[in-house]
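Subject: Structure handover

Hello,

Here is the structure for you to take over. My notes on it follow below.

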Amino acid sequence: MNAYHPSISPRRGLAVLAMMFCLLPIPALAALKIDITQGNVEPLPIAVLDFDGEGSVGQDLATVIVADLERSGLFRPVDRDAFIERNIGVNVRPRFSDWRVINALALVTGRAVQHSDGRLLVEFRLWDVVAEEQMAGLQFFTTPENWRRIAHLVADAIYERLTGETGYFDTRLVYVSESGPKNNRVKKLAIMDQDGFAQSELTRGNALALTPRFSPTAQEITYLSFYRNKPRVYLLNIETGQQEVVGDFPGMTFAPRFSPDGQKIIMSLERNGNSNIYTMDLRTRETRRLTSSLAIDTAPCFAPDGSRIVFESDRMGSQQLYVMEADGSNVRRISYGEGRYATPVWSPRGDLIAFTKTLNGRFLIGVMRTDGSGERILTEGYHNEGPAWSPNGRVIAFFREGRGENQGPALWTVDVTGYNERPLSTPGWASDPAWSPLIR
Amino acid sequence: MPVSSNLLASIFLHVSLALLVGLWSPMLNDARLNDQSLPIEIITIDQFTKLVEEATMPDEADARQEAPAFERTTAPSAVQPDTMPLPDAAPPPDKAPTPELTQEAVPEEPRFRVASPVPLARPQVKPKPLLDIGRVQALLNKTPDQEVSDSGVSKSEAGPSAAERLTLNEVDAFRAQMRRCWSPPAGAKQAENLIVQVRLSLTPGGAISAGPVVVNRALLGDPFFRAAAESVLRAIRRCQPFTMPTEKYASWRNIELTFDPRKMLGG
């Protein structure tokens, strides 16, 4: 068949076509063609059996997996009380009819055993109940105390196989933990797993900490600290607790973010009332100025391929979003809707830009395509701010604050479709979430 | 005259093409249906191990997807503190952020490498079919002798007579049945790439007798498309048997469905 090529002459093409048909078996009737353009968007019903294993670990694993999948909004875990078949070994084909009866479309079986070297072996299989075939089967070794991470990794593998998207359950969020009265808030950095477990604090709260952003490549964050009342951009290594100032600039630096390769920080530098956008290479310490307007240019964020930068600016009067090339050239405005636009964040998937929009005294979180078209508002209210993408570009975390004097901010997530809005539980008030890349 | 002989040759070739396409395209469709048994023809390592597993040890199978084993390395060494002023730092969290973790696939036993029920190579990458049916189909779809009506229903010329054709109401009833079962991939990137075409044959009772088979399966290497295609296959299998007018069985025995999520997803 290598004779078939688009550039061959029509006559020879026809001959080749005829030859190909001659290779095919003999026929029957025509097929009726129907387009299906309407469906019923609903979460996929999935049954997760408690994993086999000694003690409670098997049930604990299933519980975390079910919670992850359910929270994504894309899955509807089937109530385990409905299960007919309850004890299936991980190496046995399930009785699929028993699972179809309870309307499960996918089934997860697994086991967790202590290995001879003390490590925990966790293995699972994902079954397509309708097609009656295995979709995935994996096993993991870990130290027993890491079982929660294994549960997240299993949930990620299931999510990836069934949606085609990379998972995001084995991730963490850094946020600003807030306490105290509104005019004298203590703001510390804190970190937790994406499901709200494993909370701990990263700074003590002596200096105000704001706008933490994760490195896309390392367990490192950059943030703004008011150390000795001077706002400057810092780097913090999460594992060691070590910190350093980013660059030695004469003015105030703020709104930092990493470049997609983790090698640069992009931020704003304010001098004499106007601010411009700079990058600093973390290895060479070389700084580069990208904008030079008399306006306030801030909140820069790279596209995931590093080729472009989105930022906010009031250069044409009101606060709007602009995109420029990575070298600062070819600046063009992309937001033209009513209201003011701020805090643009490029999706890790590359297709959308999330933003905060102020309209009629309300703060909305929305997304638009990277050329500014297709604006959609995902959530609105008195005060919503600080969108942060999950590493797969599917979920946006943000914070929401009520109107009252004694109210504080709280973290929420919403699916990119605008559905599945949920609170993220934190021990106290929380703002400005930053999502880690996958931990692996 | 040279012109007229060229014209004659051209007419002859066009007629030949029309005949070939008109007569052979349904044949092609049906032949493929009859030949298919697996819902998806891409051979993944999962499926391979499953087939091997069924062939060798039905109850004790322990074949696994060969996941790339990765070792968790310890955290990269931290940036050394310099003399710059440091804001307050709390001690690092108790829980080691990147704990040691390995993901390992079960090494395949030699016995699993023999006695496969179907002669399959062990593909590391998607095998390239010798004859790409999807491309032939694409070629056929560009030919002018297929009429597509506004309702999205089309027939090739070799189709059933007018009396046997489904009415628009009957087609809508079928769509309504599918709508209840199909959950389109909402929120997926680039919905325009997620149009899934499948072909299947039905019994007079409306149950699946062959297929469903993904027609545009050249895209199955893309995980988004694969997930979308699998959701379509699940929907069809779940939805059967379909309620259809028995007296018109000839017209709906073979069906080709195009699942297009763009309208729903605003793509």
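Two strands are counted as paired if DSSP finds at least two bridges between them. Helices (H or I, at least four residues) and strands (E, at least two) are DSSP runs, numbered from the N terminus. This is a predicted model, in which local features need pLDDT of at least 70 and side-chain atom pairs count only at pLDDT 80 or more, while totals for chains, interfaces and linings use all residues. Residues are numbered from 1 along each chain as its sequence is written, chains are lettered from A and ligands numbered from 1 in the order in which they are written, and side-chain values use heavy atoms, with hydrogens and water left out.

Strands first. In chain A, strand β25 (residues 362–369) runs antiparallel to strand β26 (residues 376–381), and five bridges join them. A:Val367 is opposite A:Arg376 of β26(A). Six residues lie between these two strands in their hairpin, where A:Gly372 has a positive phi near 95°. On β25(A) there is also an antiparallel pairing with strand β24 (residues 352–359) of chain A, through eight bridges. There A:Thr356 has A:Ile365 as its bridge partner. The hairpin of β24(A) and β25(A) has two residues between the strands, and A:Asn360 in the turn shows a positive phi of about 50°.

Next, helix α2 (residues 57–71) of chain A. The expected span of a helix is 1.5 Å times one less than its number of residues. For the 15 residues of α2(A) this gives 21 Å, which agrees with the 21 Å between its end C-alpha atoms. Its buried residues (under 20% relative accessible area with a 1.4 Å probe, protein chains only; exposed is over 50%, partly exposed in between) include A:Leu61, A:Ile65 and A:Leu69. Just after α2(A), A:Gly73 has a positive phi of about 80°.

Last, the nonpolar core, a set of buried Ala, Val, Leu, Ile, Met, Phe, Trp, Tyr and Cys residues joined through side-chain atoms within 4.5 Å. The largest has 46 residues, and A:Ile46, A:Ile65 and A:Ile158 are among those that touch the most other members. Helix α4 (residues 147–163) of chain A gives this core its largest share, nine residues. Contact means heavy atoms within 4.5 Å; leaving aside neighbours within four places in sequence, A:Ile158 is in contact with residues including A:Ile65 and A:Leu69.

Regards
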